[in-house]
Amino acid sequence: MTRVTVKNELNVYESAEARFEAAAQKLGLENGLYRYLKYPDKEITVYIPVGMDDGRLEVFVGYRVQHSLVRGPGKGGIRYAPDVSLDEIRALAAWMTWKCAVVNIPFGGAKGGIICDPAKLSQGELERITRRYTAELMDWLGPERDVPAPDLGTNEQVMAWVMDTYSMHMRRTTTAVVTGKPLDLGGSRGRREATGRGCMIVCDRALARLGLKREGCRVIVQGFGNVGSMAALLMHQAGYRIVGVADVHGGLYNEKGFEIPALIDWVHIKRKPLPEFPGGGEKMSPQEILFQPCDILLPAAVENQLTSQNAHRVQARILCEGANGPTTAPADEILEEKGVFVIPDILANAGGVTVSYFEWVQDRQGFFWRESEVNERLQDVMEHAFDEVVRYSETHKVNNRIAAYMLGIDRVAYALKLRGIYA
Ligand code: NAD
């Protein structure tokens, strides 16, 4: 059992730090390297003045944290949400460093966010916020410096505005400054599905290890946005049975399984509330869905869903973390005692950043790949990373999460040693 300690269980930065410390200790990371990798390289706060539709001038607070640029340019999403905080962005930036290293792509880790509620903003307001935020960060962004992507509350359109604003300042179209763009603006085939597809690939791998089969395997997905709906769709098409679904409005459970294409049509095309889906099922809160009977639990919404207060109620055999930070550090111990096979976020949801890397490569080559090529390369990267994490876990006798951290930290520390410290 790998024990970690935190003062405030729900502070994601503390959770991330606790796992980092446990993994660093297990690796025997020397003190100087430990201190260097523990803190971010840079934390930028910007105050974004925006003219609102009703004529008022509003000021929004935004952040960009670059945790590490040792293995390459910063990489990490931009989050728009009312509860964004610097601590959250710090944690997410560090996770990006370890995630990129776990899948062995040549990026460091970064993350950005703006405190705002996108559901309450007009398209014009969202565009002005995005453009001014990008303009404020001109000195730190760039294909060789720091490359954002979508995250909670942002999408392809927001990425298109980031790309355009950066390009206007540079006086040339620079598609590789951001990933997760629309296909017609240098986006990659397969990017929209990539995080969900990556989740399915590692679930397939976990099933094979546990001697289980896809057919009839019961899956619960919490969150029905980019990650959750794509994971549900691809897994449904592959023969898994999606028995539970939820978004912020509520959850539905049906032992017989849901017709996912019809549910996507209901939620994303018809824009109806998920819990009212005519396909049936027992209604419940978005959190209660996590504790229903299933083989695979796939949280793909927000942080801190499984805690020391409720992790004992999980019935799944496999936990595949589509979201970042859905499990707190103390909950890890409970899941380990219960024998749940955890596929930690920095491995499970790394399909997104992997295809973002492919998008960046394609933009820089000016040559675009077929979707089958993207998916094949993604499969290769995810399977290899899964196997390496499991190998670390067996060799060092630690759980999968600490193993993934160890693998990530080891790679970053090795690169840092090779580069040396510039003085
Ligand atoms: P999204 O904005 O597209 O979707 C979020 C979904 O979560 C929505 O369906 C929303 O209704 C639901 N939700 C919000 N609060 C909830 C709650 N309290 N309970 C239940 N459902 C809730 O976001 P996304 O891009 O799908 O990201 C989801 C998670 O996956 C985030 O943690 C994000 O950091 C992580 N992630 C995303 C990507 C990506 O490529 N988009 C990659 C890696 C990790």
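Let me start at the ligand. Thr-195 places a polar side-chain atom 2.7 Å from an oxygen atom of the ligand. Keep in mind that this is a predicted model.

Asn-226 has a backbone N or O atom 2.9 Å from an oxygen atom of the ligand. For Ala-301, a backbone N or O atom lies 3.2 Å from an oxygen atom of the ligand.

How many residues surround the ligand? There are 22. The closest are Asp-151, Thr-195, Phe-224, Val-227 and Asn-324.

Now the domains. The assignment for the protein chain gives domain 1 as 39–178 and domain 2 as 192–348. Eleven residues of domain 1 and nine residues of domain 2 make the contact. The domain centres, taken over C-alpha atoms, are 27 Å apart.

On to the interface. Interface size is often quoted as the accessible area lost when the parts come together. Here, about 810 Å² is buried between domain 1 and domain 2. Carbon and sulfur atoms give 54% of that area.

What about charges? Two salt bridges are found across the interface of domain 1 and domain 2. Separately, the side chains of Arg-192 and Glu-156 form a salt bridge, at 3.0 Å from N to O. Three residue pairs are in polar contact across the domain 1 and domain 2 interface, both residues at pLDDT 80 or more.

Which helix gives the largest share of the side of domain 1 that touches domain 2? Helix α3, residues 86–102, with six residues. By class, that side of domain 1 has five nonpolar, six charged and no polar residues.

That's my tour. Thank you.

Notes: Residues are numbered from 1 along each chain as its sequence is written. This is a predicted model: local features need pLDDT of at least 70, side-chain atom pairs count only at pLDDT 80 or more; totals for chains, interfaces and linings use all residues. Side-chain values use heavy atoms; hydrogens and water are left out. Domain bounds come from an automatic or database domain assignment. Contact means heavy atoms within 4.5 Å. Buried area is the accessible area (1.4 Å probe) that two parts lose on being put together, summed over both. A salt bridge is a side-chain nitrogen of Lys or Arg within 4 Å of a carboxyl oxygen of Asp or Glu. A polar contact is a pair of N or O atoms within 3.5 Å; within protein, one must be able to donate a hydrogen and the other to accept it, and residues adjacent in sequence count only if both atoms are side-chain atoms. Helices (H or I, at least four residues) and strands (E, at least two) are DSSP runs, numbered from the N terminus. Ala, Val, Leu, Ile, Met, Phe, Trp, Tyr, Cys and Pro count as nonpolar, Asp, Glu, Lys and Arg as charged, and the others, Gly among them, as polar. A residue is near a molecule or strand if one of its heavy atoms lies within 4 Å of it.
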